[in-house]
Amino acid sequence: FGAKYAAVYLPKEERTILLQRKGKEWQTQMHIRNGRRLVLEGGWRKFVSDNRLRVGDICLFELKRNRRKLTMIVHIISRDQC
């Protein structure tokens with residue numbers, strides 16, 4: 001996630017993020033690296049595999065508001081569509 005986006009919309013501590021796509025859900029862990037870089041782990045590989053992501057594909061993350069759990073809808077644009 002971009003630093004400017006994360007500073008405004010994401011929590012400052014490590015948390016679970018629920019990813020949603022086409023009626024399915026994956027729990028991932030958001031970790032902070034070097035004090036500000038946010039990365040997804042613990043479930044991210046399963047999300048990548050289940051959605052057959054390839055190098056060059058684009059993931060757009062849409063934050064769902066008014067949810068108790070940190071939840072994002074993921075939109076995927078295939079590299080073939082770019």
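How many aromatic pairs does the count come to? By the ring-pairing rule, in which rings of Phe, Tyr and Trp (its six-membered ring) pair if their centres lie within 6.5 Å, the count comes to four aromatic pairs. Planes under 30 degrees apart count as stacked, over 60 as edge-to-face and the rest as tilted.

The structure is a predicted model, in which local features need pLDDT of at least 70 and side-chain atom pairs count only at pLDDT 80 or more, whereas totals for chains, interfaces and linings use all residues. Residues are numbered from 1 along each chain as its sequence is written, and side-chain values use heavy atoms, with hydrogens and water left out.

**Stop 1: the aromatic pairs**

Select Tyr5 and Tyr9 to begin. These two form a tilted aromatic pair, 4.9 Å centre to centre with 35 degrees between the planes. Both belong to helix 1 (residues 3-9), where they are four residues apart, about one turn of the helix. Helices (H or I, at least four residues) and strands (E, at least two) are DSSP runs, numbered from the N terminus. Tyr5 has a relative accessible area of 30% and is therefore partly exposed; Tyr9, with 39%, is partly exposed. The classes are buried for under 20% relative accessible area, exposed for over 50%, and partly exposed in between (1.4 Å probe, protein chains only).

Next, select Trp44 and Phe47, which form a stacked aromatic pair with 5.3 Å centre to centre and 20 degrees between the planes. They are separated by about one helical turn because they are three residues apart in helix 2 (residues 44-50). Trp44 is partly exposed at 23% relative accessibility, whereas Phe47 is buried at 0%.

**Stop 2**

Five of them form an open sheet in the order 3-2-1-5-4, with mixed pairing. Two strands pair if DSSP finds at least two bridges between them. At the edges are strand 3 (37-41) and strand 4 (58-63), each pairing on one side only. Neighbouring strands of the sheet are turned by 35 degrees against each other on average, direction ignored; axes are lines fitted to C-alpha atoms, and angles run from 0 to 180 degrees between N-to-C directions.

Which strand pairs with strand 1 over seven bridges? Strand 1 (residues 15-21) pairs with strand 2 in the antiparallel sense over seven bridges. Select Arg15 to see one example: its bridge partner in strand 2 is Met30.

**Stop 2: Thr28**

Stay with strand 2 (residues 24-33) and select Thr28, which lies in it. Is Thr28 buried or exposed? Thr28 counts as buried because its relative accessibility is 0%. Leaving aside neighbours within four places in sequence, its contacts (heavy atoms within 4.5 Å) include Arg15, Leu40 and Trp44.

**Stop 3: the whole chain**

Finally, show the entire protein. From the N terminus on, its elements run α-β-β-β-α-β-β, that is, two helices and five strands. The C-alpha atoms fill a box of roughly 35 × 25 × 20 Å, taken along the principal axes. Buried residues make up 32% of the 82 residues. Among contacts between residues at least 6 apart in sequence, 36% join residues at least 24 apart.
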